[in-house]
Amino acid sequence: MGDAKALLMSGVPELLILRLLAEREMYGYELARAVRAVTREAISLGEGVLYPALHSLELSGLLRARRRQVGGRTRVYYNVTAKGRRRLEYLTSHWRRIATAVEAALAGPQHA
Amino acid sequence: MRRPQFSALRERLLRAGVAPRAVRRTIAELEDHFDDVRRELEAGGLDPKDARSQAYARMGSEEAIVASTLARPELMSWARRWPAVAFALLPAPAFAASFVGSIAVIACLGHLAHSWLGVGLGRSPGLQLFSRCFALWILWALPTAAAAVCTYAAWRRRISLLWPAVGIVLVGVLGSLTNFGVQWGTATSRTAISAGIGISTGHLLPPLVRAASTVGLALLIYAGCWLASRRAEEAGSEG
């Protein structure tokens, strides 16, 4: 079951991160809260797994990170690069195609 | 300041071959995130102990964080993947390059001294002292520094001593065979620098002492780092 869930979830963190950061820049904790809010906690990612994903996306040039001093603490804010926006468009259309196909399959065969 | 709550995770990531820079950053951001979650839960009315344990639960399991990191090859250390190249083969050429670079610097200084400052440099006590210090640096300190960097870099990646030991022995031997001398120019003569590599069978003891000191100091640094990390690990498991 764990493997099946992992397979279903593959690519989801990347899509969510890019989607949320495309709206505005955020630091990790803000992003985790945003993920919880937009998915209505249906997707329960351990919040710690966001960071390897964020760092990997940054190394791939899809995100840009910058440090900001906020309330006496240094926060690392992430935002989406132009390359990241192109990747988001690709992932979104890909995900919609899959979702539509799965919805159609779940609705049952419709013979003409 | 390093906090103990993610020490075990730090060690697991390093031992799994994740690049030290990526580990440091991940741990720092996890610690901040953990503090934010804990504060949020305390502000919501939980007592500090429950807030801590729920904050840990929200972060996800150590296994999940490690698995998520290892699934991303770009976060891995190349030196960990190729330890023989990074720690056995690379240190000696790196030392040779720094040796040549140091000589290039002193040659430039000699040239500038001759062209711009002019007469009597060869008799300047300051320059004589500088030459002696420089010889000390290039013949003794530079090989030791190269070997120390090699062992420290290996320890940061939690790499066993095998390949770094080969690297520091090669640096030690190469360093012990180098020689250097400088004769500062005067108004009538140019600065002369002599440097090279070689061994005299009649004087084996000095190079042996130099090689042994380089290797010995580098091993001491490795042992010191290893002991420090063991203590930090023990402190983390107690906390």
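Predicted model: local features only at pLDDT ≥ 70, side-chain atom pairs only at ≥ 80, totals over all residues.
Residues are numbered from 1 along each chain as its sequence is written, chains are lettered from A and ligands numbered from 1 in the order in which they are written, and side-chain values use heavy atoms, with hydrogens and water left out.

In the interface, 24 residues of chain A are in contact with 22 residues of chain B, contact being defined as heavy atoms within 4.5 Å. Six salt bridges are found across the interface of chain A and chain B, each requiring a side-chain nitrogen of Lys or Arg within 4 Å of a carboxyl oxygen of Asp or Glu. One salt bridge is that of A:Arg73 with B:Asp32, in which the closest N and O atoms are 3.8 Å apart. Between chain A and chain B, 15 residue pairs are in polar contact, with both residues at pLDDT 80 or more; a polar contact is a pair of N or O atoms within 3.5 Å, of which, within protein, one must be able to donate a hydrogen and the other to accept it, and residues adjacent in sequence count only if both atoms are side-chain atoms. On the side of chain A that touches chain B, helix H3 (28-38), helix H4 (50-59) and strand E3 (73-80) of chain A each supply at least two residues, and the largest share, seven residues, comes from H4(A). Helices (H or I, at least four residues) and strands (E, at least two) are DSSP runs, numbered from the N terminus.

Chain A as a whole contains five helices and three strands, and its elements follow the order α-α-β-α-α-β-β-α from the N terminus on. Of its 112 residues, 42% count as buried, a term that denotes under 20% relative accessible area, with exposed meaning over 50% and partly exposed in between (1.4 Å probe, protein chains only). Among contacts in chain A between residues at least 6 apart in sequence, 48% join residues at least 24 apart.

Helix H4(A) has eight of its ten residues buried, so it is largely enclosed by the rest of the structure. The buried residues of H4(A) are A:Leu50, A:Tyr51, A:Pro52, A:Ala53, A:Leu54, A:His55, A:Ser56 and A:Leu57. Their cover includes helix H2 (12-23), H3, strand E2 (63-70) and E3 of chain A, together with H2 and helix H4 (62-70) of chain B. H4(A) is followed by A:Gly61, for which phi is positive, near 85°.

On the chain B side, B:Arg58 is placed in helix H3 (residues 48-59) of chain B and, at 14% relative accessibility, counts as buried. The side chains of B:Arg58 and A:Glu47 are joined by a polar contact of 2.6 Å. When residues up to four places away in sequence are not counted, B:Arg58 touches A:Tyr29, A:Arg36, A:Gly46 and A:Glu47 as well as B:Val37, B:Glu40 and B:Leu41.

Nine aromatic pairs are present over all chains, the rings of Phe, Tyr and Trp (its six-membered ring) being paired if their centres lie within 6.5 Å, with planes under 30 degrees apart counted as stacked, over 60 as edge-to-face and the rest as tilted. One of these, the edge-to-face pair of B:Phe6 and B:Phe34, has 6.0 Å centre to centre and 90° between the planes. B:Phe6 lies in the segment before helix H1 (7-15) of chain B and B:Phe34 in helix H2 (residues 20-43) of chain B, so the pair ties together parts that are 28 residues apart in sequence; B:Phe6 and B:Phe34 are buried. The ring centres of B:Phe134 and B:Phe180 are 5.2 Å apart and their planes at 55°, so this pair is tilted. It links distant parts of the chain, with B:Phe134 in helix H8 (residues 125-156) of chain B and B:Phe180 in strand E1 (residues 178-183) of chain B, 46 residues apart. B:Phe134 is buried, at a relative accessible area of 11%, and B:Phe180 is buried at 12%.

In chain A, A:Tyr27, A:Tyr29 and A:Tyr77 form one aromatic cluster. The charged end of A:Arg68 sits over the ring of A:Tyr77, 4.2 Å from its centre, the criterion being NZ of Lys or CZ of Arg within 6 Å of the ring centre and within 35 degrees of the ring normal.
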